[in-house]
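Open the model in your viewer and follow the stops below. Each one tells you what to select next.

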Amino acid sequence: MSNWIQSIRDNKKTTKTIAGIIFIFNVYAMIDLFFLNESMLEVLERLRMFTNISNMIVFVVVGLYLLNIHQEKWFKYLAVIGLVAILMTGIIYHALLAEPGMSFQNHVVHTINPVLFAAFYYLLIQECIKLRHVWVSLILPILYFGIILAVGPWTNWYPYNFMNPTYGDQSLGSVLIFCLGIMLPVIVLFTVLLVLLKNFIEKLIYKGLN
């Protein structure tokens, strides 16, 4: 497997083709997000959803790769942030929110893009991050939780019930405990597993070259 992956990486035409195909689905998601709405207000409302934010990030990551900016030192961190975000999007949606009869657009942002970006990350991106840097995956969730909880009292809108202090018997304290005490540690553990898998694959490839 390691030799097969390296042979793909060594062929620039193949890597660009694979990334280009993945990017087509990323672009589809962005077109739907920004241009297929009845008003600009609807665009702004949809930008509050974690699904759309995560799809925007992977759109940027794959786009930067196609522009040959993936050699920058910060790129591998942005790629991990995108990987964790888009996989969380897919896993949580299919585990808790999905209903029968999903539209093609829903499948793109919740199924196809998560699967394709994971393939993109493990197949085409060669730089790994160190385990001590897994905290970077918390940047987006912390910002997201913080902004939603800060503006929620004024907008009276929360994207998910577990983030809504006014839902049922929940309070701001219980929401903070769940988001900070449960969700963030789970995200860290999830990131650790993804990083370990990446490091394992890269070690196999390195051994196959020596």
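Select Asn26 and the residues around it. Setting aside neighbours within four places in sequence, Asn26 is in contact with Val58, Phe59, Val62 and Asn113. Contact here means heavy atoms within 4.5 Å. Is Asn26 buried or exposed? Asn26 counts as buried because its relative accessibility is 1%. The cut-offs are under 20% relative accessible area for buried, over 50% for exposed, and partly exposed in between, with a 1.4 Å probe and protein chains only.

A word on what you are viewing. This is a predicted model, where local features need pLDDT of at least 70, side-chain atom pairs count only at pLDDT 80 or more, and totals for chains, interfaces and linings use all residues. Residues are numbered from 1 along each chain as its sequence is written, and side-chain values use heavy atoms, with hydrogens and water left out.

Next, select residues 12-35. This is helix H2, and Asn26 is found in it. Now colour by secondary structure. The protein chain has eight helices and zero strands. Helices (H or I, at least four residues) and strands (E, at least two) are DSSP runs, numbered from the N terminus.

Zoom out to the whole protein chain. The C-alpha trace spans about 60 × 40 × 35 Å along its principal axes. Of the 210 residues, 43% count as buried. Among contacts with a separation of 6 or more, 71% come from residues 24 or more positions apart.

Last stop: select the charged side chains. There are 13 positive and 10 negative ones, and the centres of the two sets lie 18 Å apart. Lys and Arg count as positive, Asp and Glu as negative; His and the chain ends are not counted. Each charge is placed at NZ of Lys, CZ of Arg, CG of Asp or CD of Glu.
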